[in-house]
Amino acid sequence: MTSVGDEEVRNKQVILKDYVSGFPKESDMYVTNNTTIKLKVPEGSNGVVVKNLYLSCDPYMRNRMKKAVSGSYIDSFKPGLPISGFGVAKVLDSGNPNFKKGDLVWGRTGWEEYSLLTNFETLFKVQHTDVPLSYYMGILGMPGLTAYGGFYEVCSPKKGEHVFISAASGAVGQIVGQFAKLFGCYVVGSAGSKEKVELLKNKFRFDEAFNYKEEPDLDAALKRYFPKGIDIYFENVGGKMLDAVLLNMREHGRIAVCGMISQYNLDKPEGVHNLMHLISKRIRIEGFLVFDYYHLYPKFVELVLSYIAEGKIVYVEDIAEGLESGPAALIGLFTGRNVGKQIVLVAHE
């Protein structure tokens, strides 16, 4: 950071070059230090100026690299401007009575060193600092609340039910699996490497886990782990995995559709062929967004903090250092390079 004046500093940013088709590349983004920002809120603004500390890499961001289509729930990134996502930040100046200088916050922010924030619907104060701040990018932030809303509210679990989670070692899946185990369910997860499978079984205490890349027949794999069928499927992958799951769901099963990472980089998404099972087995399949459950955030935080304090739940992070590492960290989500929740450390508090 180079000072330009008493109130103005250079502001390193990650910029999207152009809309992306097919598999994204690091070169679809670039890091620049050519812009400046005033560290004071503009006169008359109710915004806040923040110093970004951590940024969250999330699969949904891939869809924001495309030109928005009708019905999209979130705006596209704009080529030539910084990308944005969830982050943890420190307030440097505030024109808003709900935030003061020195407050730590998490919510939507820019992929840059400093941001002027004016949307407060997705900005929360960090109330508990006795856990790592990075947790607000994961277990105490958007992925954690996604897991909580998806499992408890959408899946309506019952003790003893059989739960399957795809992409289970990721930011959301690892939490869903632990919620399910603590609830008294039998839990199996799929992941894309031997290391991640061991993580699921040994650290997150899943009952079983398998590497989907080593399973030529996903239907047979699921029948091996669920001989009596699946009650709850927490969907993060889509495509062939969803097709195989539909063959193995039990009557009155529930499918919570959180994401479909296998489809994000395809110009033409794959079809699903076994939807007739929804009828014969009376399966409920429901998509959801984390925004649907923001009203439950206080209840969610109370529960998860108690689980953390009692050692009942653990969380694995993969932290890349420096804003310059952001593009590679984000693209790595789609090759499975990360182990656990992928975060970018921009600056220490």
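Modeller: The count comes to 0 disulfides, where a disulfide is a pair of cysteine sulfur atoms within 2.5 Å. For Cys185, the nearest cysteine sulfur belongs to Cys155 and is 9.4 Å away. Cys258 is in no disulfide either, with the sulfur of Cys155 nearest at 9.9 Å. Cys185 is buried at 4% relative accessible area, while Cys258, at 24%, is partly exposed. Here buried means under 20% relative accessible area, exposed over 50%, and partly exposed in between (1.4 Å probe, protein chains only).

This is a predicted model, in which local features need pLDDT of at least 70 and side-chain atom pairs 80 or more, while totals for chains, interfaces and linings use all residues. Residues are numbered from 1 along each chain as its sequence is written, and side-chain values use heavy atoms, without hydrogens and water.

Now the strand. Strands (E, at least two residues) and helices (H or I, at least four) are DSSP runs numbered from the N terminus. In strand E15 (residues 341–345), 5 of the 5 residues are buried, so the rest of the structure largely encloses it. In a regular strand, side chains alternate between the two faces of the sheet. Lys341, Ile343 and Leu345 are buried on one side of E15, and Gln342 and Val344 on the other.

Two strands pair if DSSP finds at least two bridges between them. E15 pairs with strand E3 (residues 48–56) in the antiparallel sense over 3 bridges, and Leu55 has Val344 as its bridge partner. With strand E14 (residues 317–321), E15 pairs in the parallel sense over 5 bridges; Val344 is the bridge partner of Ala320.
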